[in-house]
Protein chains: 2
Amino acid sequence: MKKRITVLGSTGSIGTQTLEVIGNHPGKFELIAITAGKNIDLLIEQAFKYSPLYVVIADETKYRDVYEALSSTPIEVMTGSKSLAEVAGQSDADMVVTAMVGYAGLGPTVEALRAGKDIALANKETLVVAGEYITRLAGQNKSSIIPVDSEHSAIFQCLTGEADNQIEKIILTASGGPFREKTYEQLKNVTKEEALRHPNWCMGDKITIDSATMMNKGLEVIEARWLFNLSSDQIEVIIHPQSVIHSIVQFVDGSMKAQMGMPDMRIPIQYALSYPKRIISDFPRFSFADCPALTFQKPDTMIFRNLELAYDALKKGGNMPCILNAANEIVVEAFLNETVGFLEIPEIIESVMNKMKYIPHPSLEDYSESDHETRRITHELIGN
Amino acid sequence: MKKRITVLGSTGSIGTQTLEVIGNHPGKFELIAITAGKNIDLLIEQAFKYSPLYVVIADETKYRDVYEALSSTPIEVMTGSKSLAEVAGQSDADMVVTAMVGYAGLGPTVEALRAGKDIALANKETLVVAGEYITRLAGQNKSSIIPVDSEHSAIFQCLTGEADNQIEKIILTASGGPFREKTYEQLKNVTKEEALRHPNWCMGDKITIDSATMMNKGLEVIEARWLFNLSSDQIEVIIHPQSVIHSIVQFVDGSMKAQMGMPDMRIPIQYALSYPKRIISDFPRFSFADCPALTFQKPDTMIFRNLELAYDALKKGGNMPCILNAANEIVVEAFLNETVGFLEIPEIIESVMNKMKYIPHPSLEDYSESDHETRRITHELIGN
């Protein structure tokens with residue numbers, strides 16, 4: 001039996017690599033649907049190459065172009081957020097890969113879970129914003145959430161066969177990004193181009209900036225809390241510039257397990273698709289003989305304040321992680337548009353967190369409102 | 001239900017630590033029997049402290065002393081190799097910890113397996129000498145063999161929940177011992193005292209010398225072949241001086257899993273006893289923040305020739321690993337008695353391997369004879 005897979009956000013970094021993995025194993029996987037926000041050229045190319053049953057272009061103004069380009073194929077082309085939700089809950093698929101960027105991932109993930117799909121979760125914002133709601137929904141619908149993020153995949157892989165054993169803590173590794181060695185003073189005038197130059201991982205713009213500010217690690221801490229049912233003091237972060245150890249679990253007996261390898265997202269993507277099986281791959285192998293040293297250091301939360309803000313949001317709970325995430329999305333966008341400086345990023349996020357109304361037990365609608373209101377206030381603060 | 005445990009070789013390094021673990025968890029483990037070769041003072045002390053049902057002193061000349069010392073207790077004192085075999089197969093125990101040193105571990109392990117006991121294997125020579133026979137016997141009797149060696153425990157822990165997944169290779173880490181940085185020239189005149197100064201692990205004399213010569217890693221390669229059903233080219237060795245990563249599995253998808261922690265044998269011992277559960281421990285925890293770097297290098301098999309001899313023996317198979325092991329035991333003894341030099345160790349072992357009659361498919365009796373004959377020839381070569 002082939003596993004039938006839908007990829008939400010197929011034109012992004014994770015999306016394209018997911019299609020590569022699916023294309024490598026035609027006997028194991030069948031592509032049901034692909035979706036994209038705006039990038040119609042790549043979406044059309046992917047549709048021809050991988051022949052899904054459905055293609056969704058979220059941007060309605062681009063529907064006609066996609067429709068016409070694919071008119072010679074049997075592929076059904078759809079558009080709009082309703083179609084996105086429909087395809088996410090589509091009965092043909094066994095698993096939905098959620099590879100959209102940001103808050104936009106929440107809605108379709110909810111639809112997929114309601115339809116009882118397993119989720120390969122690449123959209124960490126889903127759990128950051130609404131972790132409690134999402135994990136409960138998955139439980140009710142007997143859906144599995146398999147992480148795709150390399151750190152969470154590492155933890156997930158280390159927990160295989162350890163279901164009855166207690167976790168003492170987990171340690172998420174962080175490359176430290178391009179600014180690991182910089183002082184506060186030096187970070188004042190770093191440019192967008194410098195921030196986009198990640199030393200180890202090739203990823204989309206948003207997550208690359210989040211890596212440079214360490215907000216990415218902060219979001220991952222919150223994601224891990226929900227994926228593995230841990231308290232905030234059971235989750236540590238350590239800087240590991242080589243990105244070879246992808247994360248570590250420490251059990252109550254003092255034993256640690258780590259998952260390691262090349263920094264290659266195709267490995268955790270393939271694992272999420274094939275879990276619990278592993279499939280033979282020809283991805284490059286890591287060689288210890290070529291690696292003089294693996295190093296570790298504590299993150300400097302005085303400089304990378306986003307990490308501390310994320311822990312604060314996690315401890316406070318309620319709608320606070322949702323606020324953190326929305327404020328961050330807007331500020332990162334502003335940084336990419338060069339309207340805010342690098343060091344202003346955590347300052348603005350913190351201001352917004354202090355300004356917003358705290359809701360201890362938010363409903364799905366509350367999340368939506370908090371997200372909306374946070375974006376408005378953040379725009380206001382930035383002055384655009 | 002308490003797990004009922006017999007410890008063969010209770011006065012050695014692994015034996016004493018095993019009793020410590022058992023003593024830490026009186027609600028989980030019950031001690032059935034302890035055995036020792038000669039060290040009656042410690043054996044008597046252990047008997048009083050841990051109250052087993054049976055005590056065996058292998059050396060018959062020491063029986064009376066032990067018997068009299070324990071006459072005020074209900075403990076049954078036995079002696080001789082027949083008693084050792086009896087206690088190993090004793091119906092009261094669920095698990096037998098085989099912590100004797102060297103070839104002597106084979107016989108009692110066979111008895112324990114024939115009686116259907118699970119084995120916590122700390123005597124690697126058992127699998128080195130007669131791996132094929134032992135693994136078949138375990139299979140026939142539905143006995144589990146849980147490794148205690150830190151490297152094999154690491155692999156075993158990484159394979160939990162991965163039964164259906166194919167191993168590409170395993171990488172056994174080696175501290176490199178006290179002579180890692182030495183040149184061939186410098187090794188000519190190293191003393192027994194220098195060889196006994198292991199940088200990371202506190203172990204018995206025999207295994208500490210084996211670490212200095214890297215024969216220990218060679219024996220572990222052969223042990224791993226049988227424990228995990230691998231071919232010799234699936235087993236690699238890498239020098240990792242910090243002994244934090246205890247070994248690594250690489251699966252066919254390119255993902256690696258490692259088990260790590262403090263170099264503390266109580267962790268793998270406890271895991272072997274409690275498997276598949278993990279028990280809370282207060283052993284010291286490893287901290288990445290305190291560890292500047294984990295380093296790796298290829299072993300120099302020109303200098304540490306024992307490692308290559310072990311691979312040769314493994315590839316040749318039959319009685320060759322048995323010959324390797326027996327020759328090594330005698331030569332190490334001679335080195336500890338200062339009758340052979342450090343660099344002569346592999347030379348003598350290689351000569352013996354070339355001299356001995358090769359038996360491709362040995363019976364248990366053939367092993368016994370090969371062991372005997374090898375010891376005789378090795379003594380002859382050394383000239384004592």
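Biologist: How many bridges join strand 1 (residues 3-8) of chain B to strand 2 of chain B?

Modeller: This is a predicted model, where local features need pLDDT of at least 70, side-chain atom pairs count only at pLDDT 80 or more, and totals for chains, interfaces and linings use all residues; side-chain values use heavy atoms, without hydrogens and water. Residues are numbered from 1 along each chain as its sequence is written, while chains are lettered from A and ligands numbered from 1 in the order in which they are written. Strands (E, at least two residues) and helices (H or I, at least four) are DSSP runs numbered from the N terminus, and two strands pair if DSSP finds at least two bridges between them. Strands 1 and 2 of chain B run parallel, and the number of bridges joining them is 6.

Biologist: What is the hand of the β-α-β unit made by strand 1, helix 1 and strand 2 of chain B?

Modeller: Helix 1 of chain B covers residues 13-24. A crossover is right-handed if, with the strands pointing away from the viewer, the path from the first strand over the helix to the second runs clockwise. This β-α-β unit of chain B is right-handed.

Biologist: Which residue in strand 5 of chain B stands opposite Thr6(B)?

Modeller: Strand 1 of chain B is also joined to strand 5 of chain B, by 4 bridges. These two strands run parallel. Opposite Thr6(B) stands Val96(B).

Biologist: What is the strand order of the open sheet in chain B, and which strands are at its edges?

Modeller: The open sheet of chain B has 7 strands, paired in parallel. Their order is 4-3-2-1-5-6-7. Each edge strand pairs on one side only, and these are strand 4 (76-79) and strand 7 (145-147) of chain B.

Biologist: Which residue is the bridge partner of Val97(B) in strand 6 of chain B?

Modeller: Strand 5 (residues 95-98) and strand 6 (residues 118-121) of chain B pair in the parallel sense over 4 bridges. In strand 6 of chain B, the partner of Val97(B) is Ala120(B).

Biologist: What angle does the direction of helix 2 of chain B make with that of strand 2 of chain B?

Modeller: Helix 2 (residues 40-50) of chain B packs on the sheet, in contact (heavy atoms within 4.5 Å) with strand 2 (29-36) and strand 3 (54-57) of chain B. Axes are lines fitted to C-alpha atoms, for helices over the stretch in contact, and angles run from 0 to 180 degrees between N-to-C directions. The angle to strand 2 of chain B is about 165 degrees.

Biologist: Why is one side of strand 4 and of strand 7 of chain A left without a neighbour in the sheet?

Modeller: Chain A has an open sheet of 7 strands with parallel pairing, in the order 4-3-2-1-5-6-7. Strand 4 (76-79) and strand 7 (145-147) of chain A stand at the edges, so one side of each has no neighbour in the sheet: each has a single partner strand.

Biologist: Which residue in strand 4 of chain A stands opposite Val55(A)?

Modeller: Strand 3 (residues 54-57) of chain A is joined to strand 4 of chain A by 4 bridges. The two run parallel. Opposite Val55(A) stands Val77(A).

Biologist: Which residue in strand 5 of chain A is the bridge partner of Val7(A)?

Modeller: Strand 1 of chain A is joined to strand 5 of chain A by 4 bridges, and the two run parallel. In strand 5 of chain A, the partner of Val7(A) is Val97(A).

Biologist: Why is the pair of Tyr271(A) and Tyr275(A) edge-to-face?

Modeller: The whole structure holds 16 aromatic pairs over all chains. The ring centres of Tyr271(A) and Tyr275(A) are 5.8 Å apart. Rings of Phe, Tyr and Trp (its six-membered ring) pair if their centres lie within 6.5 Å; planes under 30 degrees apart count as stacked, over 60 as edge-to-face and the rest as tilted. The pair is edge-to-face because its planes stand at 65 degrees.

Biologist: Is Tyr271(A) buried or exposed?

Modeller: Buried means under 20% relative accessible area, exposed over 50%, partly exposed in between (1.4 Å probe, protein chains only). Tyr275(A) is partly exposed at 30%. Tyr271(A) has a relative accessible area of 1%, so Tyr271(A) is buried.

Biologist: At what distance from the ring centre of Trp226(A) does Arg225(A) lie?

Modeller: A charge sits over a ring if NZ of Lys or CZ of Arg is within 6 Å of the ring centre and within 35 degrees of the ring normal. Lys316(A) lies over the face of Tyr358(A), at 4.7 Å. Arg225(A) lies over the face of Trp226(A), and its distance from the ring centre is 3.7 Å.
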